[in-house]
Amino acid sequence: MKRLRTRSTLKISATALCLATTVNTPANGIFRNGAGAESMSMGGTETGWAMSPLGAMAANPAGLGFLESGEINLGAGAAVPEGHFQKSPTADGRLDSSIRAFPEGAIAYPFQKIPVTIGLSFIPLAGQTGDWNYFDSPGGLGGVSYGQQEHRSEIQLLRTALGVGVKVDSHWSAGASIGLLYNENRLTTPYIFQNLSPNPNSLNGAKTLLDLRTAGYGFNAQFGVLFRATTNLQFGLSYTTESEVDTTGDAYGDPYAQFHTTPGPLAFHYDADVRNTFPQMISLGTSWKFHPQWRLALQLDWLDWSHAFKSLPVKLTNGSNPGVNGALGANFSDSVPMNWRDEFVYRAGLEYDVTENLSLRAGWCYGESPVPDATLSPMTAAIMENTLTAGAGYHWKNYAIDVAYQYDLPSNRNVGTSSLLSGEYSNSSTGVQIHWISVTTSVRF
């Protein structure tokens, strides 16, 4: 009997997404390194294989076309980050190392009389959280500080998708999926205004305590093809469209230190609107069973970060505090420079069949961080470049279980001169590493 291939990502609802804490991210920007234990253990490779519901729905919907029976994948993962931030002589912070967990899942069903398979998945595509606590370095207008503060930045992205795969013939399959995206953002930090509009430029660089939280929905699509050259050799290609998500919520803050007053009288609330653009992506992969017991998977991803994360527009309206409105206005916008670069991610995975039922796996991936030093901060530095993975899979009749361990090797970044206003992050250093585990179960029916 063929082994059940599993790859899983599940978030049942927006509520479940909020309850499962997000994690800092590996080589491919804010996106996860594969979905589910099998893909994770092989360095995130899946585009050229995609032979499970989640493999197809997460990486290449053409994989649905080659599925021969119904299958459901369910699982969970967890991560433990470690990190430090230093800026002499005041800031010496540590990253919150609490365990961050997430559920996963997908299902697919092939029709019996026509070569068509449908799939449904709930996939946490991205979860970047930088949760730090350190002394706020002097900055803003006049070099003010808010003392010891939490510095938290979070982006979550969930895709709930419906897909279809068509088996064209014994060599070719094609597929597509459309996804509903749920995006949630949070920023809690001493915030420095970068590019205020339509307010006077003299207020650029002003610093306030800020707690901003927004959420919203959008859509994207994914298309793919698989070519089975021989029984043991496959090639895959997939394309994911760019998507824009407008999120709305609230922004609370207090600029008391900036205006040299006591906490409270200048506390404000605004209605907040943040627009996130998530990049288009092209992925090319191959899977080659070059020996009865060995399979090699290779993959190359391209992510269009330069267009998506050029800047982050923030719009604040209906200000509640007359004093703050007099300085900034009741309605204004700010634009945070990001200037991320396009990114190539290189992946490789190796699988060894110990027995007919047991497989061992290992993998590696590398992608140079798209974040330039000039706009780097602790909230965006937690993007790994090198990742090592390992895992195993066992199947019995129509059941299977896969486990994986992933180690995002330490990433250390140094900022000389920051292009962010007030220079708070100039001459600073940030280092992060992450340990992951994942478990996926599967049932074929």
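## Nonpolar cores

The largest nonpolar core has 28 residues, and Ile30, Phe31, Leu157, Trp305, Phe309 and Trp340 touch the most other members. A nonpolar core here is a set of buried Ala, Val, Leu, Ile, Met, Phe, Trp, Tyr and Cys residues joined through side-chain atoms within 4.5 Å. Buried means under 20% relative accessible area, exposed means over 50%, and partly exposed lies in between (1.4 Å probe, protein chains only). At least two residues of this core come from each of helix H3 (53-58), E3, strand E4 (116-135), strand E5 (148-167) and helix H4 (305-308). Helices (H or I, at least four residues) and strands (E, at least two) are DSSP runs, numbered from the N terminus. Apart from this core lies another, of 19 residues, including Leu203, Ala206, Val274 and Val314.

This is a predicted model: local features need pLDDT of at least 70, side-chain atom pairs count only at pLDDT 80 or more, and totals for chains, interfaces and linings use all residues. Residues are numbered from 1 along each chain as its sequence is written, and side-chain values use heavy atoms, with hydrogens and water left out.

## Phenylalanine 309 and asparagine 339

Which residues does phenylalanine 309 contact, leaving aside its neighbours within four places in sequence? They are Ile30, Thr277, Met338, Asn339 and Trp340. Contact means heavy atoms within 4.5 Å.

Asparagine 339 has a positive phi of about 55°, although it is not a glycine. Asparagine 339 sits in the loop between strand E14 (332-337) and E15. Its relative accessible area is 38%, so asparagine 339 is partly exposed.

## Aromatic pairs

The structure holds 17 aromatic pairs. Rings of Phe, Tyr and Trp (its six-membered ring) pair if their centres lie within 6.5 Å; planes under 30 degrees apart count as stacked, over 60 as edge-to-face and the rest as tilted. Phenylalanine 102 and tryptophan 436 are edge-to-face because their ring centres are 6.3 Å apart and their planes stand at 70°. This pair links distant parts of the chain: phenylalanine 102 is in strand E3 (residues 100-110) and tryptophan 436 in strand E19 (residues 428-444), 334 residues apart. Phenylalanine 102 is buried at 6% relative accessible area. Tryptophan 436 is buried at 2%.

Tyrosine 191 and phenylalanine 193 form another edge-to-face pair, 5.4 Å centre to centre with 85° between the planes. Tyrosine 191 is buried, with a relative accessible area of 10%. Phenylalanine 193 is buried too, at 7%. One aromatic cluster takes in Tyr191, Phe193, Phe268, Tyr270 and Phe332.

## Arginines over rings

Arginine 295 lies over the face of tryptophan 49, at 4.1 Å from the ring centre. A charge sits over a ring if NZ of Lys or CZ of Arg is within 6 Å of the ring centre and within 35 degrees of the ring normal. Is arginine 295 buried or exposed? Its relative accessible area is 4%, so arginine 295 is buried. Arginine 295 belongs to strand E12 (residues 294-303). Its side chain also makes a polar contact of 3.0 Å with the side chain of serine 287. A polar contact is a pair of N or O atoms within 3.5 Å; within protein, one must be able to donate a hydrogen and the other to accept it, and residues adjacent in sequence count only if both atoms are side-chain atoms.

Arginine 228 lies over the face of phenylalanine 66, at 4.0 Å from the ring centre. Phenylalanine 66 is in the loop between H3 and strand E1 (71-87). At 5% relative accessibility, phenylalanine 66 is buried. Leaving aside neighbours within four places in sequence, its contacts include Met51, Lys167, Asp169, His171, Trp172, Leu226 and Arg228.

Side chains alternate along strand E16 (residues 358-366). Ser359, Arg361, Gly363 and Cys365 point to one face and are buried.

E16 pairs with strand E15 (residues 343-353) in the antiparallel sense over 8 bridges. Two strands pair if DSSP finds at least two bridges between them. A hairpin of 4 residues joins E15 to E16, and alanine 348 stands opposite tryptophan 364 in E16. E16 also runs antiparallel to strand E17 (residues 386-396), joined by 9 bridges. Here leucine 358 stands opposite tyrosine 394 in E17.

## Lysine 397

Lysine 397 is in the loop between E17 and strand E18 (399-415). Its phi is near 55°, a positive value in a residue other than glycine. Lysine 397 counts as exposed, at 51% relative accessibility.
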